[in-house]
Amino acid sequence: MKKLDKLIIKAFLGPFVVTFFITLFVLIMQFLWKYIDDLVGKGLEMGIILKLLGYMSTQMVPLALPLAILLSSIMTFGNLGENFELVALKSAGISLMRFMQPLIILSGCIAILAFLFSNYVIPWANLHGDSLLYDIRNLKHGFNIKPGVFFNELEGYAIRVGDKAPDGKTIYHVVIYDRSVSTSDKLILAEKGIMEQSPNKRYVIFTLFNGWEYEERGFRPAVSNDFVRVHFHRFQKIFDLSSFAFTRTPIQLFAGSYQMLNVKQLNQAIDSIGLQLDDPGRRVKAEITPHYAFYAWKDTGWLAHAVPLPAHVHHFIETIPDSVLSYVLQRIQMNIEQDDNMVLQIAAQNYKDLSDSIRKHKIEWHRKFTLSFACMVLFLIGAPLGSIIRKGGLGTPLVFAVGFFVVYNVISTIGEKLARNGVVAPWLGMWLATMVLVPIAVFLVYKALNDSQLFNKEFYYRLGKQIRTSIRQFVRWMPLFKRFGLMNRNE
């Protein structure tokens with residue numbers, strides 16, 4: 001490897017690593033902001049939260065990696081152009097493409113690693129991350145009773161305390177509505193109490209003082225229910241907190257989702273779903289024919305021994321007596337409108353679900369490859385763009401990088417949504433952003449190779465000055481043009 005290649009690779013790797021982790025950090029903060037209500041107040045251990053953030057950060061690599069490549073390539077070539085190193089290299093007879101060659105090879109290696117990461121690591125992260133997030137979102141908030149508010153997170157109970165002492169344990173004006181037993185209603189009132197957890201934190205114990213317990217035994221519609229009132233000086237009520245414990249759902253329940261599959265598994269799933277969509281008429285026929293009475297005679301050989309119809313009969317309905325014709329027609333109409341209509345609706349809904357499923361699988365299959373091509377395309381945009389603008393740092397390069405990435409992300413999102421809704425084919429929706437950006441990349445590479453002044457303010461200033469001069473000259477010659485035109489008309 002030549003010193004020039006080492007120089008450009010070293011200049012690229014530093015900004016790439018920094019921008020990648022900065023972008024990943026911003027995306028993780030966005031995730032926390034989105035799900036902050038599902039994470040706070042549930043008593044989760046720090047290890048569970050860190051594990052969730054690890055899975056989510058892995059899922060966000062497809063967003064962070066293309067932006068990091070785009071921004072770092074603009075910064076690298078912008079710094080080289082701002083320090084006149086590109087000018088020195090061109091004056092030495094080294095073309096821009098030769099200078100970009102090591103980074104093109106490096107970007108190709110990153111694209112291959114991105115495909116492997118998207119094919120093997122992201123499905124694993126989706127499986128564990130989504131299942132963990134599902135369990136966290138379905139976990140109840142911690143046992144935290146606020147004064148003056150009914151707490152009904154415990155199944156079968158509604159608890160209210162009028163006030164709490166500063167120690168957090170002593171409570172006043174306690175109301176407990178007990179519906180844990182369906183055959184009785186209980187209402188417990190106490191002036192004071194002590195609330196504390198058991199040593200293993202599986203139970204919460206209410207020790208109440210100087211109160212009353214009211215109970216109505218029996219079902220509410222009955223008129224002979226017993227009503228019991230008991231006064232107590234000291235009463236202890238124990239609540240089970242097992243419903244607040246964090247439990248994991250088996251990840252095998254999530255393993256069949258299209259987001260958890262690699263390319264090979266997606267191909268198998270697409271083939272199996274496609275077999276079910278090959279012959280929808282056969283499936284509809286198999287669902288409808290058993291609902292008709294003649295289906296029972298289909299394989300009995302009845303048709304071979306049936307008496308032939310008379311010659312003057314042109315339709316089987318003519319053989320039905322007039323006395324029962326109305327009844328037979330009503331039964332036929334009822335079968336068509338009720339039984340067959342329901343069967344057809346079920347079959348149509350099944351076909352629609354299979355079509356949606358196969359579209360989602362194909363979209364996920366194309367997503368494995370679009371990440372790799374996005375890395376290459378965005379590098380081919382960022383490198384010539386940096387050599388044209390000749391600005392380093394995080395100012396101008398960041399503006400251009402964010403602008404192009406927003407365009408890429410918006411077009412990619414629109415294309416994926418169109419593909420999910422069946423408006424366009426899955427391959428077209430997923431590759432739409434790449435097809436839009438490739439011509440832009442070719443245009444920027446062409447401009448960079450020809451030392452274009454596309455973003456040079458002085459170039460636009462000179463161009464504007466030339467336009468203004470041309471306009472002044474045109475205005476100056478306008479009277480002569482008018483006079484010449486009048487003379488021709490008079491002649």
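Student: Where is the place of Leu-418?
Tutor: Leu-418 sits in helix H11, which covers residues 396–420. Helices here are DSSP runs of H or I with at least four residues, strands are runs of E with at least two, and both are numbered from the N terminus. This is a predicted model, where local features need pLDDT of at least 70 and side-chain atom pairs count only at pLDDT 80 or more, while totals for chains, interfaces and linings use all residues. Residues are numbered from 1 along each chain as its sequence is written, and side-chain values use heavy atoms, with hydrogens and water left out.

Student: Is Leu-418 buried, partly exposed or exposed?
Tutor: Leu-418 counts as partly exposed, at 30% relative accessibility. Buried means under 20% relative accessible area, exposed means over 50%, and partly exposed is in between, using a 1.4 Å probe and protein chains only.

Student: And which residues make the nonpolar surface patch?
Tutor: Leu-398, Val-402, Val-406, Val-410, Ile-414, Leu-418 and Val-423 make a nonpolar patch of about 530 Å². Patch residues have over 30% relative accessible area and no salt bridge; like charges are joined within 9 Å, and nonpolar side chains (Val, Leu, Ile, Met, Phe, Trp, Tyr) within 5 Å. The areas come from the Shrake-Rupley method with a 1.4 Å probe, and for residues only the protein chains shown count as cover.

Student: Charges next. Which residues gather in a patch of positive charge?
Tutor: That patch is on the surface and brings together Lys-465, Arg-468, Arg-472 and Arg-476. Lys and Arg count as positive, Asp and Glu as negative, and His and the chain ends are not counted. Each charge is placed at NZ of Lys, CZ of Arg, CG of Asp or CD of Glu.

Student: Where is Arg-468 found?
Tutor: Arg-468 belongs to helix H13, residues 457–490. Its relative accessible area is 40%, so Arg-468 is partly exposed.

Student: How many salt bridges does the structure hold?
Tutor: There are 8 salt bridges. The criterion is a side-chain nitrogen of Lys or Arg within 4 Å of a carboxyl oxygen of Asp or Glu.

Student: Which residues are linked in a network of them?
Tutor: The network links Glu-364, Arg-367, Lys-368, Glu-416 and Arg-420. Arg-367 pairs with Glu-364, with the closest N and O atoms 3.2 Å apart. Lys-368 also forms a salt bridge with Glu-364, and there the closest N and O atoms are 3.9 Å apart.

Student: Which helix do Arg-367 and Glu-364 lie in?
Tutor: Both are in helix H10 (residues 322–389), 3 residues apart, or about one turn of the helix. Lys-368 and Glu-364 lie in H10 too, 4 residues apart, which is again about one turn.

Student: Is Glu-364 buried or exposed?
Tutor: Glu-364 is buried, at 5% relative accessibility, and Lys-368 is buried as well. Arg-367, at 26%, counts as partly exposed.

Student: What does Ser-118 touch?
Tutor: Leaving out residues up to four places away in sequence, Ser-118 touches Pro-123, Arg-367, Lys-368 and Leu-371. A contact means heavy atoms within 4.5 Å. Ser-118 lies in helix H6, residues 96–137, and with a relative accessible area of 5% it is buried.

Student: What about the salt bridge between Glu-213 and Lys-186?
Tutor: Their side chains meet at 3.9 Å, N to O. Glu-213 is in strand S4 (residues 203–217) and Lys-186 in strand S3 (residues 184–197), so the pair ties together parts that are 27 residues apart in sequence. Glu-213 counts as buried at 15% relative accessibility, whereas Lys-186 is partly exposed at 23%.

Student: Back to H6. How far are the C-alpha atoms of Asp-135 and Thr-247 separated?
Tutor: They are separated by 7.1 Å, although the two residues are 112 apart along the chain. Asp-135 is in helix H6 and is buried, at 6% relative accessibility.

Student: And where is the place of Leu-139?
Tutor: Leu-139 is in the loop between H6 and strand S1 (157–164). It is buried, with a relative accessible area of 7%. Leu-139 and Leu-44 are 95 residues apart in sequence, with 9.6 Å between their C-alpha atoms.

Student: Big picture: how many helices and strands are there?
Tutor: The protein has 13 helices and 5 strands. It has 491 residues, and 36% of them count as buried. Among contacts between residues at least 6 apart in sequence, 68% join residues at least 24 apart.
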